[in-house]
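Student: Hi! Could you walk me through this one?
Tutor: Happy to, here it is.

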Amino acid sequence: MFEKRAGFVRPEETVALQLARAEERGADLRHNHKVVGIEPIAGGVQVTVINTAAEPEGKGEGEETPTPEVFTAKKLVVCPGAWAPGLSEETGIPQFAERQVMHWFSPGEEFAAYESGPVYIHERADELQIYGFPASDGEEAGAKVAFFRNGRPVDPDQLDREVTDAEIAEMRERLLTFVPALGRGEHRASRACMYTTTPDTHFVIGRHPGWDDPNIFIACGFSGHGFKFVPVVGEVLADLILDATTRHSIDLFDPMRFTEVRAAAWKGGNNLVGENA
């Protein structure tokens, strides 16, 4: 399929703009804070965090950790990203973080054809996909390409950001069979990132199954393709916070769709089991 009007969004610039607009409207942004506790309280939720930016690097014996800060709110949405698997003991949600690698190659003499070329996905008979973007940042930056669903499980606190020669060679070999100008071209850069994946690759959006509390919601498991849905996911979460319901159909993303979640909720006496049985 070819969509003549298709394009792409730059996530970094988009996120920066969203944060700026949120701050303009009164949001209190706290970067580099690690959540170490969430507890329902009368009329709301209590969240305990530690400012990781204030932690001494390579903290030795006798050096104190930062004093935890405690925040209270009427409602809470937990969006842990790649750290969502760490909540599995509380929620039972089956998910894992994957290390994925993105590459940039320069097409050399054929740069003009790639500068304004399409966004593409190519799938082989073995179902291993690659996807790529035009070289819109110039020949020196190259064109971005990556495998889809070809990562390995990773601890998000221990992400290996070093990309190996073997990983670069694997991508080059694949490019030679489909977009040979990139495969023959100069490797410009590679970076590691993370996906958070559920068994069915669908999102998790709804009441937080770890607590039988109408004030706590969860949004995670976006499996590397959640960014393009940010506007509607934000609207859904705002609906849930304000009205406890949404006009959008989100049954597909119900945390209780997993038997592991229902089992954990049942064990904890959570009445969400009855609501979603």
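Tutor: Let's go through some strands and then one arginine. This is a predicted model, in which local features need pLDDT of at least 70 and side-chain atom pairs count only at pLDDT 80 or more, while totals for chains, interfaces and linings use all residues. Residues are numbered from 1 along each chain as its sequence is written, and side-chain values use heavy atoms, with hydrogens and water left out.

Student: How do strand 1 and strand 2 pair?
Tutor: Strand 1 (residues 33–41) and strand 2 are antiparallel, with eight bridges. Strands are DSSP runs of E, at least two residues, numbered from the N terminus, and two strands pair if DSSP finds at least two bridges between them.

Student: What's in the turn?
Tutor: Two residues separate the strands of this hairpin, and G43 in the turn has a positive phi of about 80 degrees. P40 sits opposite V45 of strand 2.

Student: And which residue does V49 partner in strand 3?
Tutor: That's E69. Strand 2 and strand 3 (residues 69–73) run antiparallel, joined by five bridges.

Student: What does its side chain touch?
Tutor: The R10 side chain makes a polar contact with the side chain of S136 at 3.4 Å. A polar contact is a pair of N or O atoms within 3.5 Å; within protein, one must be able to donate a hydrogen and the other to accept it, and residues adjacent in sequence count only if both atoms are side-chain atoms.

Conventions:
Helices (H or I, at least four residues) and strands (E, at least two) are DSSP runs, numbered from the N terminus.
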